[in-house]
Amino acid sequence: QVQLVESGGGLVQPGGSLTLSCSASGRTDKVYAMGWFRQAPGKEREFVAAIPWSGGSPYYLGPVKGRFTVSRDSTNYRVYLQMNSLKPEDTALYYCAIDPMGTHSWDYWGQGTQVTVSS
């Protein structure tokens with residue numbers, strides 16, 4: 001089993017920035033990629049960004065490209081999501097997840113951290 005714990009959410013004004021972090025523990029020997037998803041009230045959970053663990057380029061959902069940056073700390077099994085130029089539509093519960101085999105099967109999830117963008 002793998003445990004994921006997110007942190008860094010909060011309330012921010014439009015145009016502001018936040019950095020989310022996610023720490024993985026447990027069976028971290030099989031991690032192909034770590035990623036971020038989000039779920040806004042009344043909407044389905046959607047993919048935001050992900051990064052391969054052993055090299056390769058990160059990839060993003062269209063609306064966050066150029067504003068969000070995903071990065072990793074491979075030594076400590078942490079992944080980060082730097083969010084800039086935040087918009088009210090970015091308001092959601094943000095989840096960290098692991099794809100262990102590279103099949104886009106996100107098998108492990110954290111509990112989520114709330115991001116609210118409001119003036």
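Mentor: A search of the whole structure finds one disulfide, the term being used for a pair of cysteine sulfur atoms within 2.5 Å. This is a predicted model, in which local features need pLDDT of at least 70, side-chain atom pairs count only at pLDDT 80 or more, and totals for chains, interfaces and linings use all residues. Residues are numbered from 1 along each chain as its sequence is written, and side-chain values use heavy atoms, with hydrogens and water left out.

The partners are Cys22 and Cys96, with their sulfur atoms 2.1 Å apart. Cys22 belongs to strand S3 (residues 18–26) and Cys96 to strand S9 (residues 92–99), so the bond ties together parts that are 74 residues apart in sequence. Strands (E, at least two residues) are DSSP runs, numbered from the N terminus. The disulfide is left-handed because the torsion about its S-S bond is about -80°.

Cys22 is buried, at 0% relative accessibility, and Cys96 is buried with a relative accessible area of 0%. Buried means under 20% relative accessible area, exposed over 50%, and partly exposed in between (1.4 Å probe, protein chains only).

Turning to the backbone, most residues other than glycine have a negative phi. Tyr77, which is not a glycine, has a positive phi of about 50°; Tyr77 sits in the loop between strand S7 (68–73) and strand S8 (78–83) and is partly exposed at 23% relative accessibility. Ser85 has a positive phi near 50°. Ser85 is located in the loop between S8 and S9, and its relative accessible area of 41% makes Ser85 partly exposed.

Note on methods: Helix = DSSP H or I, 4+ residues; strand = E, 2+ residues; numbered from the N terminus.
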